[in-house]
Amino acid sequence: MPIAWRKGVRSCTQHPIGNFISYDKLSPTFRAFTSSITEIQVPRNIQEAFKYPKWKAAVDEEVRALEKNGTWEITDLPRGKKPVGCKWIFTVKYKVDGNMDRYKARLVAKGFTQSYGIDYQETFAPVANLNTVRILLSLAANLDWSLHQLDVKSAFLNGDLEEEVYMEIPAGLETTSNFNKVCRLQKSLYGLKQSPRAWFERFTKVVKGYGFVQCQSDHTLFVKHFPEGKLAIIIVYVDDIILTGDHEEKIDLLKKLLTKEFEIKDLGNLKYFLGMEIARSKKGIAVSQRKYVLDLLNETGMLGCKPAETPMDTTVKLEESDGSAPVDKGRYQRLVGKLIYLSHTRPDIGFSVSVVSQFMNNPTEKHMTTVIRILRCLKMTPGKGLFFQRTTKKEIEIFSNADWAGSVTDRRSTSGYCSFV
């Protein structure tokens with residue numbers, strides 16, 4: 001743990017991050033969970049992973065799973081064909097109680113090198129709308145539904161590959177016998193453009209076979225009504241599945257049915273989903289991206305920065321050509337992209353993020369200064385998020401507001417709205 005985070009230990013920065021994080025209101029089990037997901041360091045490449053026995057064992061486990069599944073066969077590259085590259089991605093899986101479950105290594109194909117019509121055709125596969133996830137959390141809080149999380153192990157490997165795709169030998173698996181050889185893929189693999197479609201088609205077919213109806217407004221949501229007037233709901237985001245509803249027996253039965261079809265791991269009650277930490281009490285459900293914020297501050301070297309109370313200076317009006325020097329376009333786009341994802345649980349930065357996202361093509365120092373201001377504001381309250389309060393109040397409230405000709409570029413107005421269900 002960094003020195004600045006330890007209470008009672010002198011820090012070299014005037015604004016240690018420990019002054020802005022409090023775990024006092026968390027239950028002992030959830031406090032242990034938040035600590036565990038923060039402490040473990042994840043390797044950035046295969047060479048770094050091979051230095052640690054536990055990560056090397058995770059790589060070996062993934063290779064065994066791929067070979068057992070018949071994912072590829074080693075062959076010569078046919079003339080006129082171009083192989084796609086691949087890389088290793090590492091992550092940590094956690095148990096229901098927050099303790100570390102296992103180290104996970106995943107082989108991912110570099111699908112961005114594929115060519116349409118040659119090694120892939122259709123690619124579309126929906127992912128859960130985070131608005132839908134928020135509504136489900138609100139329903140679960142108010143109707144006292146349980147929230148279960150399932151993880152499909154090597155989900156994309158369940159999809160059948162129709163196209164002829166060749167891939168380079170994965171790093172760390174090169175031998176003299178497979179020198180100058182390639183892998184001809186028999187099953188879909190993470191990273192391939194067609195993999196999400198292949199997996200989602202199979203999952204949809206299985207779930208519909210159990211009597212679930214696919215929602216038309218969000219195709220990743222499946223609902224089944226039972227004669228007793230109860231219901232069960234499934235929502236899927238790639239290989240992460242949330243189960244909820246008011247019929248516990250049917251939900252347990254559904255878990256068993258899915259386990260027969262796929263290699264399912266029951267993660268218990270929903271606690272960590274798509275980078276969102278979910279805490280539940282009798283008063284409701286709290287959702288935050290605390291770890292996501294801390295990782296972002298650490299990545300940008302701003303854990304020790306001076307915090308700001310507001311995400312944007314109201315006196316500053318940004319425009320495309322402000323006379324300041326241009327900045328690294330890629331870095332600016334990555335930062336703003338991460339802030340856009342963070343705004344799913346931080347509506348307080350929503351307007352500021354919408355402003356800086358207008359200058360993705362030609363960012364300048366003034367634009368970057370505004371982005372940095374948002375990060376400084378996040379340091380002040382890294383654990384802030386949404387709270388879905390349990391209440392008897394049943395109504396919909398919508399608030400809207402707009403400025404008047406606020407844009408200095410084209411004098412257009414900016415409007416916004418917020419709805420509470």
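Leaving aside neighbours within four places in sequence, which residues is valine 371 in contact with? Tyr332, Leu335, Val336, Leu339 and Val356, where contact is heavy atoms within 4.5 Å.

Quick caveats, folks. This is a predicted model, so local features need pLDDT of at least 70 and side-chain atom pairs 80 or more, while totals for chains, interfaces and linings use all residues. Numbering starts from 1 along each chain as its sequence is written, and side-chain values use heavy atoms, with hydrogens and water left out.

Okay, the core. Val371 is among the residues touching the most other members of the largest nonpolar core, which has 27 residues. By nonpolar core I mean buried Ala, Val, Leu, Ile, Met, Phe, Trp, Tyr and Cys joined through side-chain atoms within 4.5 Å; buried is under 20% relative accessible area, exposed over 50%, partly exposed in between, with a 1.4 Å probe on protein chains only.

Now salt bridges: a Lys or Arg side-chain nitrogen within 4 Å of an Asp or Glu carboxyl oxygen. That rule gives 9. Take aspartate 266 and lysine 255, at 3.1 Å, N to O. This pair links distant parts of the chain, strand β11 and helix α6, 11 residues apart. Lysine 255 is buried at 11%, whereas aspartate 266 is partly exposed at 40%.

Then there's aspartate 60 with lysine 56, at 3.7 Å, N to O. Those two sit 4 residues apart in helix α3, so about one helical turn separates them.
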